[in-house]
Amino acid sequence: MTVRDPALDAFEEHRSILTGVAYRMLGRVADAEDVVQDAWLRWSRADREEVRDARGFLVRVTTRLAIDRLRQVQSRRETYVGQWLPEPLATDFGATVPDTAERAVLAESVSLGVLVVLESLSPLERAVFVLREAFAFPYQEIAAVLDRSEAAVRQLAGRARRHVDEGRPRFPVDAAEQRALTEKFLAAATGGSIEDLLALLAPDVRLVGDSGGKSKAPLRVLHSADKVGRFLFAVSRTGVAEPEFRFLELNGRPALLVLSAGRPDSVLSIELSGDGRIAAVYIQRNPDKLAGLAP
């Protein structure tokens, strides 16, 4: 007969939201998992008879641990080689999020475009944005989580929202359109001409590559269709060993996983402009951030 552990059952009930908060705070799956594990240790040692709201307690602990971890990793990112992008996250909300509107909010809050903007927020602003915008926590609960006044939390939320609105993608995302454009992009880059590729790019397109200094990718952001197109066309001609291409849903959006001899080589994600062309290209090539996508 299996003996149930009430503490573990309560924790597992809320693990999904804890992992969601931690990943949106940190942008790394491994860091998020470490934070959630630390939260479990705090929960297992807590006097649970004194805890009236398990969800509130666990979110509070997880958020505070994530803030501490974020402050640590931010100092390390100052010496990071090249551009820093979040680790790709496979997203499949399945039956756990049946509501279409809620799905859209969760997908948007974990998108690369938003996560990149969140990197420029302070840890407290980021925590408020994640709890409020992604998980619809009331200001009063967020104030309790952060041990701040409700007025202070509202100010943090306002600053974070304005900053994210200024930097996030400006046009709504249609998954089917994004998938179709990614397929056209792949065809143009691998078998078409430079003119075919340039025709898909917005004039002010930008390319952000993340290699962590462990593979080849631009160290700086590339701007303009000419620079981005010529770079991508040149890279596609050098090729990878035994290439294989797979479409996945990563960070709530269709993305292209490139395998080399069966191992993840890179992940390519795009953003669309208002006229249906490519406004941004994100290329993740840091092998440490791709390990979780290995077949």
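Axes here are lines fitted to C-alpha atoms, for helices over the stretch in contact, and angles run from 0 to 180 degrees between N-to-C directions. Helices are DSSP runs (H or I, at least four residues), numbered from the N terminus. The model is predicted: local features need pLDDT of at least 70, side-chain atom pairs count only at pLDDT 80 or more, and totals for chains, interfaces and linings use all residues. Residues are numbered from 1 along each chain as its sequence is written, and side-chain values use heavy atoms, without hydrogens or water.

**Helix pairs**

| Pair | Angle | Axis distance |
|---|---|---|
| Helix 6 (residues 123–134) and helix 7 (residues 139–146) | about 140° | 10 Å apart |
| Helix 1 (residues 6–26) and helix 2 (residues 29–45) | roughly 145° | within 9 Å |

Helix 6 passes helix 7 in a right-handed crossing (the near helix is turned clockwise from the far one by less than a right angle). Contact means heavy atoms within 4.5 Å. From helix 6, Leu124, Ala127, Val128, Leu131 and Arg132 meet Tyr139, Ile142, Val145 and Leu146 of helix 7. Eight of these residues are nonpolar, none polar and one charged.

Helix 1 and helix 2 also cross right-handed. Their contact includes Phe11 and Arg15 of helix 1, and Asp31 and Trp40 of helix 2. By class, it has 15 nonpolar, one polar and two charged residues.

**Thr91**

Thr91 sits in the loop between helix 3 (54–77) and helix 4 (100–109). Is Thr91 buried or exposed? It is buried, with a relative accessible area of 7% (buried means under 20%, with a 1.4 Å probe and protein chains only). The Thr91 side chain joins that of Glu249 in a polar contact of 2.9 Å (a pair of N or O atoms within 3.5 Å; within protein, one must be able to donate a hydrogen and the other to accept it, and residues adjacent in sequence count only if both atoms are side-chain atoms). Beyond its neighbours within four places in sequence, Thr91 is in contact with Val110, Glu249, Leu250, Asn251 and Gly252.

Technical notes:
Helices (H or I, at least four residues) and strands (E, at least two) are DSSP runs, numbered from the N terminus. Ala, Val, Leu, Ile, Met, Phe, Trp, Tyr, Cys and Pro count as nonpolar, Asp, Glu, Lys and Arg as charged, and the others, Gly among them, as polar. Buried means under 20% relative accessible area, exposed over 50%, partly exposed in between (1.4 Å probe, protein chains only).
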